[in-house]
Structures are given as C-alpha cells and as structure tokens.
Amino acid sequence: MKQRVLIEYINAVKNIFNGYRVKLNKFNLEKKIKSSFKNFGFKNNISKILYSLKYISSFKDTAVYVGCIGMGNLGDEIIYDATRSMLKQNLFIYPLLYKNSFNLLFSITLKIRKPKFIILGGGTIIRKKASESYLRRLLILKNKFPKAKSIIVGPGVANTDFSKEIGFPTDIVNWSHYLKGCKFISVRGPQSVKTLTDWNINNV
C-alpha cells in the first residue's frame with residue numbers, strides 16, 4: 001500500500017512540474033497540489049520534495065516538529081536547528097511550517113509514513129486557545145497520529161496575566177491536558193517552569 005501511494009505521489013509531482021494534468025484515484029487532489037506549490041519558487045519546491053522523500057525513506061525514527069519556523073525569526077530557527085542537531089543521530093525531523101502548515105506535500109508525506117514523535121519547540125508559544133495557533137496544530141496532529149509520542153523541547157510559557165491583558169488569554173485547561181500527556185517536557189527557563197507548576201504540570 002505504501003509503495004503504491006509513494007509511486008502515485010512521485011508521478012503526481014513529476015506531472016505537475018511538466019505542466020500536465022494528473023488525476024489521483026487515491027487522493028483526487030490535483031487542484032490542491034497545484035495550490036500548495038504556487039506561492040513558492042521552483043528551487044524551493046524541489047528541495048521540499050527531496051526532503052519529503054528523505055523523510056519517507058529514512059532508516060531512523062521520524063518526528064514532526066511544530067514551531068514558529070519559516071518566518072525569519074532567528075530565535076525560533078536556532079531552537080529548531082539545535083533540536084534537529086541534538087536528535088539527528090536517532091530521529092529524522094520533518095518541520096511543520098508556520099504558514100501553509102498542512103499543505104498537500106506535508107499531508108501526503110505523513111500519510112505515507114506516520115511520525116513516531118510530535119515535537120513542540122520554539123519561543124513563547126505555549127499560549128492562546130485550542131482553536132488557535134500551536135495548540136490547534138498539536139491537537140490536529142495528535143488526532144491524526146494518536147500513537148505518536150509528544151515531546152516539548154525548549155518553548156516558553158506565556159505569562160497568563162499579561163496574555164489576558166493584551167487580549168490573548170492562555171487556554172490553561174486545554175494546554176494542561178495536552179502537556180500532561182507528554183513523554184518529555186523541557187521549557188525555556190525558571191519562570192516557565194513555575195507557570196507550569198502552578199498548572200499542576202509536574203513532569204517538567
């Protein structure tokens with residue numbers, strides 16, 4: 001099954017770049033494929049495809065990384081690079097970009113090979129509601145891949161009082177529920193640890 005899907009995927013991408021129309025019996029997503037690539041340069045598309053193929057064929061365990069990457073934020077990019085470098089001996093990490101997150105290439109890649117781990121990393125991104133931003137992405141991934149283990153590597157926890165004042169109150173209930181199911185939690189500093197302790201998250 002995986003081999004057949006992979007062949008369809010490669011042929012679909014090949015036909016799109018050659019300017020042909022293609023119909024996928026399995027996914028029927030021709031228009032979405034074209035839409036997912038139209039905002040990127042040709043070289044960027046090629047690099048994304050090659051990275052996806054490396055992920056699919058890797059002999060290592062696999063993980064999907066959720067964070068504020070692809071936005072030019074130096075701190076978040078450094079955390080991503082450090083996480084990938086730290087785990088590269090054992091894990092092949094596939095990044096979920098902040099913009100155009102669940103595009104077709106990402107969705108098909110993870111459909112062919114499910115991640116073993118879901119990693120959250122980055123800046124001060126433990127905040128907002130379950131219907132927004134990073135927690136929303138995490139919940140979507142966890143729903144798609146319920147057997148994947150969740151790991152938290154290095155993000156900060158927003159000050160709940162300040163977040164409420166500026167109109168972005170932290171969803172403590174849903175964040176707490178997600179974090180309590182994580183296998184490993186490492187946050188940015190003592191203030192983040194204290195905030196999680198106040199939420200009764202003790203596995204930090």
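Being 3 residues apart in helix α4 (residues 74-87), D81 and R84 are separated by about one helical turn, where helices (H or I, at least four residues) and strands (E, at least two) are DSSP runs numbered from the N terminus. The side chains of these two residues, D81 and R84, meet in a salt bridge with an N to O distance of 3.7 Å, a salt bridge being a side-chain nitrogen of Lys or Arg within 4 Å of a carboxyl oxygen of Asp or Glu. D81 is partly exposed at a relative accessible area of 40%, and R84 is likewise partly exposed, at 32%; here buried means under 20% relative accessible area, exposed over 50%, and partly exposed in between, with a 1.4 Å probe and protein chains only.

This is a predicted model, in which local features need pLDDT of at least 70 and side-chain atom pairs count only at pLDDT 80 or more, while totals for chains, interfaces and linings use all residues. Residues are numbered from 1 along each chain as its sequence is written, and side-chain values use heavy atoms, with hydrogens and water left out.

Helix α4 also holds T83, and T83 counts as buried at 2% relative accessibility. Leaving aside residues up to four places away in sequence, T83 touches Y65, I93, I119 and V153, a contact meaning heavy atoms within 4.5 Å.

By the salt-bridge rule the count comes to 3. In helix α9 (residues 190-198), D198 and K194 are 4 residues apart and therefore separated by about one helical turn. D198 forms a salt bridge with K194, the closest N and O atoms being 3.3 Å apart. D198 counts as exposed, at 52% relative accessibility, whereas K194, at 48%, counts as partly exposed.

A further salt bridge joins the side chains of D61 and K116, at 3.5 Å from N to O. This pair links distant parts of the chain, since D61 lies in strand β1 (residues 61-66) and K116 in the loop between α5 (104-112) and β3 (117-121), 55 residues apart. D61 is partly exposed, with a relative accessible area of 34%, and K116 is partly exposed as well, with 39%.

What does the protein as a whole contain in helices and strands? The protein has 9 helices and 7 strands, and buried residues make up 45% of its 204 residues. Among contacts between residues at least 6 apart in sequence, 76% join residues at least 24 apart. The protein exposes about 11,700 Å², of which carbon and sulfur atoms supply 54%, as given by the Shrake-Rupley method with a 1.4 Å probe.

The largest pocket holds about 230 Å³ of space; a pocket is an open set of points on a 1 Å grid over the protein atoms alone where a 1.4 Å probe fits, with protein on both sides within 12 Å along at least five of seven lines, and lining residues have an atom within 4 Å of a point. Of the 11 residues that line the largest pocket, the closest to its centre are S107, L110, K111, K144 and F145. The elements that give two or more residues to this lining are α5 and α6 (133-144), and α5 gives the most, with 5 residues. By class, the lining has 7 nonpolar, 1 polar and 3 charged residues, where Ala, Val, Leu, Ile, Met, Phe, Trp, Tyr, Cys and Pro count as nonpolar, Asp, Glu, Lys and Arg as charged, and the others, Gly among them, as polar.

Terms used: Points joined across faces, edges and corners; volume = space filled by probe spheres on them.
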